Amino acid sequence: MNTKESKVLACIDGSRYSTAVCDYSVWASQRINAPLKLLHNIEHHQIPGMVDLSGSIGLGSQEKLLDELTTLEQQRSKLLVQQGKIMLDAAKARAEQAGVKDIIAKQRHGSLTESLIELADEIRVLVLGIRGEGHENDDKQVGAHLETIIRSLHKPILVVNKAFSEPQRIMLAYDGSEAAEKALDMIAHRPLFKGLPCHVVYANPNPEKHTANCLPNAISKLEAAGVDVITAALEGKPEDAICAYQAEHQIDLIVMGAFGHTRIRELLLGSFTAKMLSATQKPLLLLR
C-alpha cells in the first residue's frame, strides 16, 4: 500500500467511543473505497517539577526521588504502548471481520493534534470520538483536543458520539457560508453519501431579519447531482431547532461547516459548532 495514499484515518483510544469509531471508519472506508488507517496516539506527560528537599531530608534525596520517578514514567510508557497495541489489534480484527482488507495500524507519540497535522496529506476522512478516555463520562463536554483538531485540519472530520448505526438519512445544516458550500459539495459529488436522502435545513434565529434565500442554491446543486432532497426552514435557536428536527425525522448523521466565524465573534456569541457538538445525539461530519 502506498503510505501517502488518501485514507480513512480512525483515532483509537481507550474511551467507550473507540468501537463506534472503528465501525464508522469501516463504513466510510467501504463507502469511498479507501484504505483504512487505525491510529493510537500516546501523549507523554513530563515528570512534575521537583521541590528542593535536600535541606530537610538529606543530601541526594532529591536525585533519588527523581530517578524513581523517571523509572516509573518509563514503566508507565511501556504499559501505554502495550495497551495501545492491544487496542489496535482488536480494532484491526474488527475491521477485517467487517470486510476491510487494506488496513494499517500505527502508534505515534506526542500531541494528537501535531500527529494529525503531520498526517494531513494522507487523510481523506478523519474519524474520532467526541471525547477521549479522560472525559468520556462527561456528556456535557467535548474532548479537550477536538476544537483544536477541527480548526487545524481542512479535512472532513466525522465526530462519533454513539454506537454505530449505518446512516440511512443525512442532514445538511446549510447557511450559504464557505464551509457550508464545502459540505454541500461533498454530499453532491463524493461517494460517501451516494444514494442517501438528504434533508437540507436552514435554521433562522431571527425570521424578521433573515430569510432562507440560500436554500434554492443548495437544492439545485443536490438535485442536479441526483440526490433526493427534503428541505426545511427552521426557526428558533439553531442548535435546538436542528436537533429537534433531527429527532423528529430520524436523521442518522449531520453534515455541516465548522467554525465559520472569527474567534472574537465566537467568544462574544458562542460557537455554533461547539453548541452542536454538545447538543446533538448523532454523529457530525464537519468541514472547514
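Modeller: A crossover is right-handed if, with the strands pointing away from the viewer, the path from the first strand over the helix to the second runs clockwise. Helices (H or I, at least four residues) and strands (E, at least two) are DSSP runs, numbered from the N terminus. This is a predicted model, in which local features need pLDDT of at least 70, side-chain atom pairs count only at pLDDT 80 or more, and totals for chains, interfaces and linings use all residues. Residues are numbered from 1 along each chain as its sequence is written, and side-chain values use heavy atoms, with hydrogens and water left out.

Biologist: What kind of unit do β1, α1 and β2 make?

Modeller: They make a β-α-β unit, and it is right-handed. The helix in it, α1, covers residues 18-32.

Biologist: How do you know that β1 and β2 are paired, and in which sense do they run?

Modeller: Two strands pair if DSSP finds at least two bridges between them. Strand β1 (residues 7-11) is joined to β2 by four bridges, so the pair qualifies, and the two run parallel. Within this pair, Cys11 stands opposite Leu39 of β2. Strand β3 (residues 103-109) also pairs with β2 in the parallel sense, over seven bridges, and there Lys37 has Ile104 as its bridge partner.

Biologist: Why is β2 called mostly covered?

Modeller: Buried means under 20% relative accessible area, exposed over 50%, and partly exposed in between (1.4 Å probe, protein chains only). Seven of the seven residues of β2 are buried. Leu36, Leu38, His40 and Ile42 lie on one side, with Lys37, Leu39 and Asn41 on the other, and both faces are covered. In a regular strand the side chains alternate between the two faces of the sheet.

Biologist: What makes the phi of Asn33 worth a remark?

Modeller: Most residues other than glycine have a negative phi. Asn33 is not glycine, yet its phi is positive, near 55°. It lies in the loop between α1 and β2 (36-42), and at 71% relative accessibility Asn33 counts as exposed. Gln250 likewise has a positive phi, of about 55°, without being a glycine. Gln250 sits in the loop between α8 and β9, and its 54% relative accessibility is over 50%, so it is exposed.

Biologist: Why is strand β7 said to be largely enclosed by the rest of the structure?

Modeller: Seven of the seven residues in β7 (residues 198-204) are buried, hence the description. Cys198, Val200, Tyr202 and Asn204 point one way, while His199, Val201 and Ala203 point the other way, and all are buried. Strand β6 (residues 170-173) runs parallel to β7 and is joined to it by four bridges, with Ile170 opposite Cys198. From β6 the chain crosses through α6 to β7, a right-handed β-α-β crossover. Strand β8 (residues 229-235) is joined to β7 by seven bridges, also in parallel, and Ala233 of β8 is the bridge partner of Tyr202.

Biologist: Ala180 is in helix α6 (residues 178-189). How do you know whether it is buried or exposed?

Modeller: Its relative accessible area is 1%, so Ala180 is buried. Not counting residues up to four places away in sequence, Ala180 touches Tyr174, Asp175 and Gly257. Ala180 and Gly257 are 77 residues apart in sequence, with their C-alpha atoms 4.5 Å apart in space.

Biologist: How many disulfides are there by the rule?

Modeller: A disulfide is a pair of cysteine sulfur atoms within 2.5 Å, and by this rule the count is zero. As for individual cysteines, Cys198 is buried at 0% relative accessible area, and Cys243 is buried at 16%.

Biologist: Which residues of α10 are buried, and what puts them on the same side?

Modeller: In α10 (residues 272-279) the buried residues are Thr273, Met276 and Leu277. They cover an arc of only 100° around the axis (taken from the directions from the helix axis to the C-beta atoms), which puts them on the same side of α10. An α-helix has 3.6 residues a turn, so residues three or four places apart point the same way. The elements that the buried residues of α10 pack against are α5 (146-152), β5 (157-160), α8 (238-248), β9 (253-257) and β10 (284-287).

Definitions and conventions. Contact = heavy atoms within 4.5 Å.
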